[in-house]
Amino acid sequence: MQSEQTSRTPRVLADFEGRWKITRSIVPKRGPNGRFEGLGLWSADGDGLAYRETGTLFLDGAPPMQAERRYRWAPDLSVYFDDGRFFHRVPAAGGRTQHWCDPDTYTVEYEFADWPTFSVTWQVQGPRKSYEMTSLYTPEA
């Protein structure tokens with residue numbers, strides 16, 4: 001069990017560097033549930049970190065698919081899409097933030113209480129999207 005002080009410690013960029021096992025559940029209001037199993041790698045990239053996620057996406061009723069995404073994390077924990085557009089800023093002590101991608105709203109909650117294991121939960125709402133996606137990150141041993 002983490003101490004109260006440890007759970008409140010603000011995260012800094014260097015805390016994320018390395019390899020992380022990812023398990024993710026995807027629960028839409030309509031359509032098939034999904035899960036993702038893979039690896040997240042944060043590696044040095046100038047003054048920030050490049051993030052690359054690879055793994056397998058399983059959707060109920062469909063064959064498994066290979067999945068990948070990339071982001072860049074800046075020293076202030078701002079996250080940018082691979083093409084350089086701003087995505088959102090991670091709250092250093094954990095908590096909630098948002099991203100607006102017309103016409104959809106992405107609300108995200110970072111939970112660092114069990115550091116170094118942490119979770120990220122997205123609530124996505126819009127005319128064509130409505131789902132909850134929860135990812136658990138565990139340092140790879």
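Modeller: Two strands pair if DSSP finds at least two bridges between them. Keep that rule in mind; this is a predicted model.

Biologist: What makes β7 and β8 a pair?

Modeller: Seven bridges join β7 to β8. The rule asks for at least two. So the two strands count as paired. They run antiparallel.

Biologist: Which residue of β8 stands opposite T97?

Modeller: V108 in β8 stands opposite T97.

Biologist: How many residues lie between β7 and β8 in their hairpin?

Modeller: Two residues lie between the strands of that hairpin. P103 is in this loop, with β7 spanning 95–101 and β8 spanning 104–111.

Biologist: What kind of peptide bond joins D102 and P103?

Modeller: A cis bond, with omega at about 10°.

Biologist: Which other residues does a cis peptide bond join?

Modeller: W115 and P116 are joined by one, and omega there is about 15°. P116 sits in the loop between β8 and β9, the latter covering 118–125.

Biologist: Now L77. Where is L77?

Modeller: L77 is in the loop between β4 (65–73) and β5 (78–81).

Biologist: Why is L77 called buried?

Modeller: Its relative accessibility is 3%. Buried means under 20%. The value falls under that cut-off, so L77 counts as buried.

Key. Residues are numbered from 1 along each chain as its sequence is written. This is a predicted model: local features need pLDDT of at least 70, side-chain atom pairs count only at pLDDT 80 or more; totals for chains, interfaces and linings use all residues. Side-chain values use heavy atoms; hydrogens and water are left out. Helices (H or I, at least four residues) and strands (E, at least two) are DSSP runs, numbered from the N terminus. Buried means under 20% relative accessible area, exposed over 50%, partly exposed in between (1.4 Å probe, protein chains only).
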